[in-house]
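Hi there,

Please have a look at it alongside the text and tell me what you think.

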Amino acid sequence: RRCVQETVLILLAFPASILAAIAASKIISKSCKTIRKFFSPGNEQRTFPDMAIFMSALIGLLCFMFLISASIKFVAYANPYIISKETNQRGERFTIDDVREAHYWLKMNTPEDSKIMAWWDYGYHIAEMANRTVIVAVSYTHL
């Protein structure tokens with residue numbers, strides 16, 4: 001379940017950043033128009049505090065967006081793929097390391113010259129952690 005969430009996050013990061021850039025461009029464009037109106041020679045109603053509040057809000061919004069994206073990135077990449085720390089319903093933290101234990105079992109219970117057939121991402125971990133030769137299956141059509 002966690003891997004699917006990370007994959008979706010990674011896949012949606014690029015379109016989300018493009019949409020955020022378009023939104024930021026629109027906001028900055030409207031801000032520039034407002035600033036031009038504010039400093040136009042015929043504008044007698046301008047007040048500096050109003051513009052300062054507007055620009056402060058704009059800068060605050062951009063900083064907030066940066067902090068949100070940084071925190072999402074931190075959560076997505078903080079825990080390694082092999083071992084993850086989770087929280088149960090009572091709030092207690094525990095470690096899930098089934099994949100590491102499976103690689104250790106494979107290393108201890110198979111001959112050293114064994115060849116393991118696995119999907120490419122699992123195959124990489126098996127080759128590195130269990131020190132076994134892996135026959136990589138990129139897709140079922142190639143089997």
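Ile 72 counts as partly exposed, at 40% relative accessibility (buried means under 20% relative accessible area, exposed over 50%, partly exposed in between, with a 1.4 Å probe and protein chains only). Ile 72 sits in helix 2; helices (H or I, at least four residues) and strands (E, at least two) are DSSP runs, numbered from the N terminus. Please keep in mind that this is a predicted model, in which local features need pLDDT of at least 70 and side-chain atom pairs count only at pLDDT 80 or more, while totals for chains, interfaces and linings use all residues. Residues are numbered from 1 along each chain as its sequence is written, and side-chain values use heavy atoms, with hydrogens and water left out.

Ile 72 also belongs to a nonpolar patch on the surface, together with Leu 9, Ile 27, Leu 61, Leu 62, Phe 64, Met 65 and Ile 68. Their accessible area together is about 630 Å² (Shrake-Rupley method with a 1.4 Å probe; for residues, only the protein chains shown count as cover). Patches are made of residues with over 30% relative accessible area and no salt bridge, where like charges are joined within 9 Å and nonpolar side chains (Val, Leu, Ile, Met, Phe, Trp, Tyr) within 5 Å. A salt bridge here is a side-chain nitrogen of Lys or Arg within 4 Å of a carboxyl oxygen of Asp or Glu. Helix 1 (2–38) and helix 2 (48–78) each supply at least two residues of the patch, and the largest share, 6 residues, comes from helix 2.

Now for the overall layout. The protein has 4 helices and 4 strands, in the order α-α-β-β-α-β-α-β along the sequence. Of its 143 residues, 16% are buried. The protein exposes about 11600 Å², and carbon and sulfur atoms supply 66% of that area. Among contacts (heavy atoms within 4.5 Å) with a separation of 6 or more, 26% are between residues 24 or more positions apart.

Helix 4 is worth a look too. In helix 4 (residues 120–130), Gly 123, His 125, Ile 126 and Ala 130 are buried. Seen down the helix axis, these buried residues fall within an arc of 165°, so they line one face of helix 4 (the arc is that of the directions from the helix axis to the C-beta atoms). Trp 120, Tyr 124 and Glu 128, on the other side of helix 4, are exposed.

After helix 4 comes Asn 131, with a positive phi near 55°. Most residues other than glycine have a negative phi. Asn 131 lies in the loop between helix 4 and strand 4 (133–137) and is exposed, with a relative accessible area of 55%.

Thr 110, in the loop between helix 3 (98–109) and strand 3 (115–119), counts as buried at 19% relative accessibility. Its side chain reaches the backbone oxygen of Leu 106 at 2.4 Å and makes a polar contact with the side chain of Arg 132 at 2.9 Å. A polar contact is a pair of N or O atoms within 3.5 Å; within protein, one must be able to donate a hydrogen and the other to accept it, and residues adjacent in sequence count only if both atoms are side-chain atoms.

Glu 92 is in the loop between strand 1 (84–87) and strand 2 (93–96), and is partly exposed at 43% relative accessibility. Leaving aside neighbours within four places in sequence, Glu 92 is in contact with Glu 86 and Thr 87.

Best wishes
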